Amino acid sequence: MANLTIDNVKKSYGKTEILKGINIAIEAGEFLILVGPSGCGKSTLMNSIAGLEDVTEGRILIADKDVTYTSPKDRDIAMVFQSYALYPNMTVAQNISFGLEMRKVPKEERDVEIQRVAELLQISHLLDRKPAQLSGGQRQRVAMGRALARRPQLYLFDEPLSNLDAKLRVEMRTEIKKLHKKLGTTIVYVTHDQIEAMTLADRIAVMKDGEVQQLGTPQEIYDNPANLFVAGFMGSPAMNFIPSKIVEQNGVPMLELNASETTALPFPNPDSLKAYVGETVLLGLRPEMITEPQPHKEGQAFVVTTGVEVEVTEPMGADTMILTRINDAEINCRSNPAYPAKPGDVINMMFDTSKAVVFDAKSGRRLDV
Amino acid sequence: MNTNTPHSGSKSARPSGFSLTDWMPKIVLAPTMVIAIVCIYGYMIWTAVLSFTNSRMLPSYKFVGWEQYERLFNNDRWMVALTNLGIFGSLFILICLFLGVMLAIFLDQKIRAEGVIRTIYLYPMAISFIVTGTAWKWLLNPTNGIQKLMIDMGFVNFKFDWLINPHMVVYCLVIAAVWQASGFVMALFLAGLRGVDGDLIKAAHLDGASTFTTYRRIILPSLKPVFFSALVILAHIAIKSFDLVQALTNGGPGYASDLPANFMYTYTFSRSQIGMGSASAMVMLGCILAILVPYLYSELRGERSEK
Amino acid sequence: MKNNVVGRKTSGVDKALRIALYATLILVAGFYLMPLVVMLITSMKDAEEVRNGTLLSLPSYIHFDSWEKAWSSACTGSSCHGISPYFMNSFKIVIPAVAISTILGAINGYVISLWRFRGSNLFFAALLLGCFIPFQVVLLPMARTLGWLGIASSTTGLVFVHVVYGVAFTTLFFRNFYQSIPGELIKAARLDGAGFFTIFYRIILPVSTPIIVVTVIWQFTQIWNDFLFGVAFSGFESQPVTVALNNLVNTSFGGKEYNVDMAAAVIAALPTLIVYVFAGKYFVRGLTAGAVKG
């Protein structure tokens, strides 16, 4: 187990900057997830940590040791790849022990290690098979086994679940989480799936255009997104962004809402909006904060109920998503399936702004921080 | 948000010096690189240089400008060789393409024993042009070959003496070359036909297209890349043809069936006209590049856009 | 493509078409087979039958005399030892040339596909062009080079030439094959601690059997069938069989012996024909490699 420090790492190909100065520090035993849209530089960062790509500037430290220019094999890192990258000509056992063999570990020790890993991942019955004879989920386990066998200081996972079908993906997600709890390993994990990021991570680094947009715990990132991009990227369905004019009522800035009637929403941190009175900002409100009227919330400080016109309903089983239009933006609301709503109806919905955030409409900068 | 404090002195020094792992790929590629630079491009330039000199029996480096090219294009034998290449090349390519496409379509009709037939059509490609030439020389020989066969069978007036007729001998080359290469074109197109999306054909049938229409309007147009590949390969074979002429006609009668490759060989090695021989080689290179460069360019560009 | 014959009742017209189709295919097969058949028949006749019979008349009984003569005593140019010494020469040239060019091609393809570096693609494109140049532009400089190296007119010289001009093709074959190997496999092996050659030997080579077979067969056929380099760079002692065959057929003393010519031609064609019959699938794959994508 080791900590990892990424210190102002930059990477460019000619004039294109892929990484624009990344700073991340991870504690030993921490599970860090790098998440972002494709092309954000997360895979390049991963390859740089592994030493598979040179960085242009900056340092990478593993266990406080500078490894920026150390060759991959000497960094004591293991990696699980998206394609699994199992050696096709070797059996499962040979795949798992190849790294040990390369490090000249004696045969007996290798065999012990193969058994340990196989039991841990429940693949003992597959040891003599070739990768081509395995299912996707089994290959995934073998790929993890290969990483675990060497007991490296640091594990890198590069979108390890994205080739699995939806059901298996959820299963393996849980499995990885359990393994992490059990072994207490340091993991850097790349994904573009924000649910994976939320469920697995100790901390998440949201990346875009070669920069870390926000680094924090899943809940911090969900509740307190640093900017419009993070707010829109994390969470499914995505956060609603309602273009809203700041109006002053009794000296308190409020957010104007044009649904079936015009009303104004209170804001938990109204002072931060003082300077924006008369301007239009983007109000960020997660779908679960716009619900059918809930009696127990009635009368709370940041709750307003108003009528909205239903455009489409999307039953999801546990909830029904109600699509409506407010201030000329399409808005997702999450309601109880029992709450009657038909397209064309005007129904009452409850807006809870206690966790609302606001952004500058042009720059996407968070305004209430 | 992260703080981007300036990191004074935090940049670790890149180890200067020789890392074997980094250099190994380049070291390994080096022999081939040397081969390519010297034996392909170097020699090409060398021959180009010689074509501008008055070299005869031995290379000399007295430059005479375009004189060798002027002599070349005033040389009757070269003009015959070029004309022959025009006739031979275009007929060879057209007939091979036509036969190849037709045979591929025929073989695509769920033919019994397809494997055997395919094997028979393609085996000439495994044989040397010298053997092909030897065999066809025997077949086309008027005294013992096909002509005699037909006369003995009762067609007393049958005449098939192209091999010794200076005006027709080039068509003998076409026959033998088509025999050798058309099966290959068939194999290319058959592979292409088998690669056509089955749903496409089902869709065409549902739209009411007959088998003939489906081939003409849907399948063959989608084989355009195969068509171009075959065209380039055949043109390439035609321009480089040397062995077949040597074995089948030895350029004769006289020099009526010479092709540029044979001209080049004769002038460079037998007639001690290195300058003119080199000039003729350069013209051949020009012909091939004219066909190849656009093709490779589009291929490589296509490959890049796929990624 | 299997579904293009729509499953409706076969009418009389369809049946007739089908018969015509088979007839055409068999006729064409006859065209392709005829030269080989004629070669075989002729090679088994005696001189008398060759003179009096026709192409397709069968020998009265099967002689192998002309085969024996072609093999060991027919005159090729000025010497009269048959084509057997040259047949052996061809093997002396083909075996090392195929081995070396295949190994070089494999390692080149490995680097170009899986260890890309700045300029490696450009290099590949340049090499690719080398596959297609007419060899006439290198003949004279190569003849000079072989002279300087002291390997002119020897089988060693021909091995060298065939390696030099074969490596572009072998590289192309292996490069295209290795393109389908995911780069992650190399990354995984590097993290596992394997180096450049270990990865090649332990991971890449074991999955390369099909392309090795294709390349070996392709190179074998190409080099065995070569005439241009053989005639330009060999001496009397080091001629490959194609050159010897051509000399035998064009030798004018002592009258034409077509049966011996044909026997010699069949012998010269035999090795590649055998390879074709037993490994035709790989041969075709080599032919179409690079020509048809995918």
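Two residues are taken to be in contact if their C-beta atoms, placed from the backbone, lie within 7 Å. On that basis, in what is a predicted model, 92 residues of chain B are in contact with 75 residues of chain C. By class, the side of chain B that touches chain C consists of 61 nonpolar, 22 polar and 9 charged residues.

**Chain C**

The UniProt record, in an unreviewed entry, places the feature "transmembrane region" at several stretches of chain C, including residues 122-143, 155-178 and 262-284. In the model, residues 155-178 of chain C are 100% helix and 0% strand, with 32 Å between the end C-alpha atoms, whereas residues 122-143 of chain C are 86% helix and 0% strand, with their end C-alpha atoms 28 Å apart.

Helix α13 of chain C covers residues 258-288, and although a straight helix of its 31 residues would reach 45 Å at 1.5 Å a residue, its end C-alpha atoms are only 35 Å apart. A bend of about 100 degrees is found in α13(C) at Ala279(C).

Chain C is also divided into domain 1, residues 12-63, and domain 2, residues 84-288. Between these two domains of chain C, 7 residues of domain 1 are in contact with 7 residues of domain 2. On the domain 1 side, the elements that give two or more residues are α1 (12-43) and α2 (47-52) of chain C, and α1(C) gives the most, with 4 residues. That side of domain 1 of chain C divides into 4 nonpolar, 2 polar and 1 charged residues.

**Chain A**

Chain A holds 8 helices and 20 strands, and its C-alpha atoms fill a box of roughly 80 × 45 × 35 Å along the principal axes. Of its 369 residues, 42% count as buried. Among contacts in chain A between residues at least 6 apart in sequence, 67% join residues at least 24 apart.

Like chain C, chain A has an assignment to two domains, here domain 1 (4-233) and domain 2 (240-360). In chain A, 5 residues of domain 1 are in contact with 5 residues of domain 2, and the domain 1 side of that contact has 3 nonpolar, 1 polar and 1 charged residues.

| Domain pair | Distance between C-alpha centres |
|---|---|
| Domain 1 and domain 2 of chain A | 40 Å |
| Domain 1 and domain 2 of chain C | 34 Å |

**Backbone details**

Most residues other than glycine have a negative phi, and most peptide bonds are trans. The peptide bond from Ser236(A) to Pro237(A), however, is cis, with omega near -5 degrees, and Pro237(A) sits in the loop between α8 (228-233) and β11 (240-249) of chain A.

Tyr84(A) belongs to the loop between β6 (77-80) and α2 (92-102) of chain A, while Lys110(B) belongs to the loop between α3 (76-107) and α4 (114-122) of chain B. Tyr84(A) counts as buried because it has 24 C-beta neighbours inside 10 Å, whereas Lys110(B), with 12 other C-beta atoms within 10 Å, is exposed.

Methods
Residues numbered from 1 in each chain as written. Chains lettered and ligands numbered in written order. Predicted model: local features only at pLDDT ≥ 70, side-chain atom pairs only at ≥ 80, totals over all residues. Nonpolar A, V, L, I, M, F, W, Y, C, P; charged D, E, K, R; others polar. Domains from an automatic or database assignment. Buried ≥ 20, exposed ≤ 12 C-beta atoms within 10 Å, placed from the backbone. UniProt positions renumbered as here; feature names shortened; annotations may be inferred. Expected span 1.5 Å × (residues − 1). Bend = angle between axes of the 7 residues up to and from the residue.
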